[in-house]
Amino acid sequence: MTEILTERLQELKEIEIEARKVINLSSDAGLAGGFMQRGQEARKKRFYSVVLFTLSLGLLGAFNFKTIDFANLDDITLTSIAIRMVINIPFIWIAIVANINLNKYSRLEEEYAHKESLAKSFENYKEQINVLDSESSNELMKSLLEINISAFKKNAAETMDTAKSDMPSVPTLQKVIGQNEKK
């Protein structure tokens, strides 16, 4: 009777070890899955920004191509230029905003992809560290946890504040024009 009980306790310990492995894998997979889902949302928003950017530039080009009389370019008046500018400014503004959003969501997607890869590799690193001797494995495990926690605690959306348009700013354009005039 005692042997049966001992065998049963040993089987339960083995089941517990396997269950802990599965739980660890599922929690890491859940973390990676969350990052993957957020990355997919950023990818979708990036796609919408590309479409909006392309559409606004296409409409801007189509409008100007249709309304400019290329045969009578000498007859363009200051009034017609002013009217065109008033009509073109919203398209230009939409293109600039779409370009900024495109950059923001590209950065966000990269951030979440990085966090996803960290979460997926964490369990494999943990298993490899456990194979080492206890003294070095404890230090490596602490280091691994610190690296992952510091990477995970950083809000990926913070990078969106620093994203800028790929379009050159007015001072940059003035600098380029000034350099061309010197040549």
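1. Tyr-48 is located in helix α1, where helices (H or I, at least four residues) and strands (E, at least two) are DSSP runs numbered from the N terminus. With a relative accessibility of 51%, Tyr-48 counts as exposed; the classes are buried for under 20% relative accessible area, exposed for over 50% and partly exposed in between, with a 1.4 Å probe and protein chains only. Its C-alpha atom is separated by 8.6 Å from that of Ala-98, which is 50 residues apart from Tyr-48 along the chain.

2. As to the basis of these values, this is a predicted model, in which local features need pLDDT of at least 70 and side-chain atom pairs count only at pLDDT 80 or more, while totals for chains, interfaces and linings use all residues. Residues are numbered from 1 along each chain as its sequence is written, and side-chain values use heavy atoms, with hydrogens and water left out.

3. The protein chain has four helices and zero strands, and its pattern along the sequence reads α-α-α-α. Of the 183 residues in the protein chain, 21% are buried. Among contacts (heavy atoms within 4.5 Å) with a separation of 6 or more, residues 24 or more positions apart account for 85%. The protein chain exposes about 13,800 Å², of which carbon and sulfur atoms supply 62%; accessible areas come from the Shrake-Rupley method with a 1.4 Å probe, and for residues only the protein chains shown count as cover.

4. Ser-49 also belongs to helix α1, which covers residues 2-67, and with a relative accessible area of 7% Ser-49 is buried. Apart from its neighbours within four places in sequence, Ser-49 has contacts with Ala-98, Asn-101, Leu-102 and Tyr-105.

5. Gly-61 is a further residue of helix α1, and its relative accessibility of 37% places Gly-61 in the partly exposed class. The C-alpha atoms of Gly-61 and Phe-91 are separated by 9.7 Å, although these residues are 30 residues apart along the chain.

6. UniProt, in an unreviewed entry, places the feature "transmembrane region" at residues 47-65 and 77-98; such positions are given in the numbering used here, feature names are shortened, and annotations may be inferred rather than shown by experiment. In the model, residues 47-65 are 100% helix and 0% strand, with end C-alpha atoms 27 Å apart, whereas residues 77-98 are 95% helix and 0% strand, with end C-alpha atoms 31 Å apart.

7. How do the axes of helix α2 and helix α3 cross? The axes of α2 (residues 78-131) and α3 (residues 134-153) come within 10 Å and cross at roughly 170°, so α2 and α3 are roughly antiparallel to each other, a term for angles over 145 degrees. Residues that meet there include Leu-118, Phe-122 and Ile-129 in α2 and Leu-140, Met-141 and Leu-144 in α3. By class, the contact of α2 with α3 has eleven nonpolar, three polar and two charged residues.

Methods:
Axes are lines fitted to C-alpha atoms, for helices over the stretch in contact, and angles run from 0 to 180 degrees between N-to-C directions. Angles under 35 degrees count as roughly parallel, over 145 as roughly antiparallel, 65 to 115 as roughly perpendicular and the rest as oblique. Ala, Val, Leu, Ile, Met, Phe, Trp, Tyr, Cys and Pro count as nonpolar, Asp, Glu, Lys and Arg as charged, and the others, Gly among them, as polar.
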